[in-house]
Amino acid sequence: MIFKSSNVEVWPGTTTQVVGMNNSYPGPTIRVQRGKEFSVLFENQHNVESTIHWHGLLVPELMDGQPKDPVLPGTSYRYSFPVFQRAGTYFYHSHAHHYTAEQVYMGHAGFFIIEDEAEKQLGLPAGEFDIPLLIQDRRSVNQPQFVYSTNNQDIMQGYLGDLPLINGTPDAYFEVQKTLYRFRIVNGSNARVYQLALSDNSNFRIIATDGGLKDEAVEVNEAFISPGERIEILYDFSSFNIGESVNLVSLPFSGFGNQGTQMDLLKFNIVGNGTSGGTVPQNLPAIDYYDINSAVRTRTFELSHDMNSGPGMHRINDLTYDINRIDEKIPLNELEEWKFVNVTNNLHPIHIHGVMFQVYSRNGSTVLHPKDKGWKDTVLVDAYETVQVLIKFTDYSGRYLLHCHNLEHEDNGMMLNIEIDPATSVEEENASPEGFVLEQNYPNPFNPSTTIKYSVPSVERDLSRTSRSELKSALQNVTLKVYDILGKEVATLVNKQQSPGNYSVVFNGFNLPSGLYVYKLQAGKFSAVKKMMLLK
Ligand code: C2O
Ligand code: CU
Ligand code: CU
């Protein structure tokens with residue numbers, strides 16, 4: 001993908017200078033099958049540094065497009081990573097140091113959609129009935145140009161426009177059939193929060209949050225969506241007559257500054273009797289909800305602003321972003337409770353890289369709007385609100401980010417570096433009553449080989465007779481196998497009788513594609529599973 005300035009037609013008959021990908025605004029839509037390797041060469045032909053951040057994707061640190069890893073003007077960088085996470089609606093955008101907001105505003109944003117077989121089996125509307133909608137706002141006073149120039153008020157509120165663009169189109173309309181549609185909605189605005197609804201106040205169903213499908217298709221008549229968030233909805237036009245129309249709107253609400261403006265976003269014109277054949281799924285896959293009682297620690301992040309001192313006005317725990325400072329060290333594989341305490345009268349959509357989390361409560365209430373229930377990477381924290389989330393980093397160690405996705409707040413410093421480290425208590429977590437231990441492989445990610453260590457306990461310990469005999473029979477057949485993420489066995493590393501002791505095996509992935517693999521140790525009823533990443 002080539003990043004550069006170009007002229008595109010946004011308003012009919014005029015040209016708009018944008019800075020984005022492949023002379024296109026929004027950027028090209030990427031669709032990838034789960035389980036595949038994704039790779040793209042990013043060529044920066046613009047005169048300012050840039051990056052591509054894959055928002056919501058679980059990728060290694062160096063593929064995450066962070067401000068600390070800029071692609072300088074005239075240079076290129078290959079982003080490649082395995083796509084192993086849940087199917088869903090993700091997006092990409094610039095994350096350049098101090099230029100994120102400007103580059104997103106000028107056009108650097110596009111869809112990244114992950115599909116998989118399991119989702120296809122659900123019978124959701126597909127093809128021309130599965131429609132991605134990117135919502136961004138621009139300022140009509142500059143029409144037909146996108147002009148990014150902020151004053152203090154813009155930095156305080158975020159750079160708000162009065163004119164919504166849907167997939168880059170002003171006054172957008174869409175011709176629909178009298179049937180069920182799936183809409184994948186991304187709020188790609190710099191700062192504007194929308195309260196989505198239909199103009200006739202009819203119900204729609206939320207079927208997915210940031211990290212893919214929910215466990216139920218819940219009916220609602222409105223949903224807030226803040227910058228960085230996604231929801232997918234099902235909406236049925238069959239009760240309309242041909243010739244009628246209905247609007248997707250943002251309802252007025254009282255919010256900081258000019259937030260909460262009422263807007264018509266997209267007009268649906270009902271034009272035909274076609275059918276999508278899609279249905280509202282009755283059995284969506286279950287979601288394992290974290291148990292707050294299993295959280296091993298709590299971290300609190302205070303969201304504040306300070307008009308009078310220091311370099312930036314927007315703060316997290318009184319800090320503004322320092323590209324070289326590590327603000328939080330977080331172990332892999334440990335469930336934590338994070339509290340976002342907003343002490344301002346402003347809205348802050350908080351986004352975390354490298355993880356999907358779950359919202360637990362808002363102001364102490366665990367009764368959540370359906371759009372908060374499911375896998376999330378961005379959560380809106382309203383004025384003076386406290387939001388609790390449950391979070392566990394399970395995939396990559398390394399340096400990631402936590403920040404406000406109001407992009408003016410982010411560029412102004414409302415961002416922290418977080419470092420995910422291998423867990424120190426791996427043994428504890430995986431010790432069965434019988435004392436088996438499966439350790440995290442090292443190195444990880446690896447190419448092409450890595451070492452997996454495990455230990456087999458002594459049968460001579462103080463065990464009851466049953467467990468001793470159980471253990472003895474378990475040791476008759478110990479297996480260590482490697483599977484790909486689709487569950488296909490790719491290697492058997494151990495399959496034999498074993499005596500107590502510490503073992504170490506080398507797994508060589510030279511003939512396998514890059515990707516996430518799991519390895520499983522099994523002996524009788526004991527089993528332990530861990531993940532590892534092959535990165536070529
Ligand atoms: Cu969508 Cu760190 O950003
Ligand atoms: Cu992100
Ligand atoms: Cu903010």
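Predicted model: local features only at pLDDT ≥ 70, side-chain atom pairs only at ≥ 80, totals over all residues.
Hi everyone, let's start with the metal. Which residues hold the copper ion, ligand 2, on the protein side? The protein donors are H53 and H351, each through its NE2 atom, lying 1.9 Å from the copper ion.

Now to a sheet. This one is open, with four strands in the order β2-β1-β4-β6 and mixed pairing. Strands β2 (16–21) and β6 (76–82) are at the edges; each has a single partner strand, so one side of each has no neighbour in the sheet. On average, neighbouring strands here are turned by 35° against each other, ignoring direction. Take β1, residues 2–8: six bridges join it to β2, and the two run antiparallel. As an example, S6 has V18 in β2 as its bridge partner.

In soluble globular proteins, nonpolar side chains tend to be buried together. The largest nonpolar core here has 43 residues, and F38, W54, F81, F112 and F146 have the most contacts inside it. Helix α1, residues 100–106, gives the largest share of this core, four residues. Beyond its neighbours within four places in sequence, F112 is in contact with residues including I30, F38, W54, F81 and Y90. Another core, of 31 residues, lies apart from the largest one, and among its members are I316, W338, I352 and M533.

Technical notes
Residues numbered from 1 in each chain as written. Chains lettered and ligands numbered in written order. Heavy atoms only, no water. Donors = N, O, S within 2.8 Å, 3.2 Å for Na, K, Ca; no water. Pairing = 2+ DSSP bridges. Axes fitted to C-alpha atoms, helices over the stretch in contact; angles between N-to-C directions. Core = buried A, V, L, I, M, F, W, Y, C linked by side-chain atoms within 4.5 Å. Buried < 20%, exposed > 50% of the residue type's maximum accessible area, 1.4 Å probe, protein only. Contact = heavy atoms within 4.5 Å.
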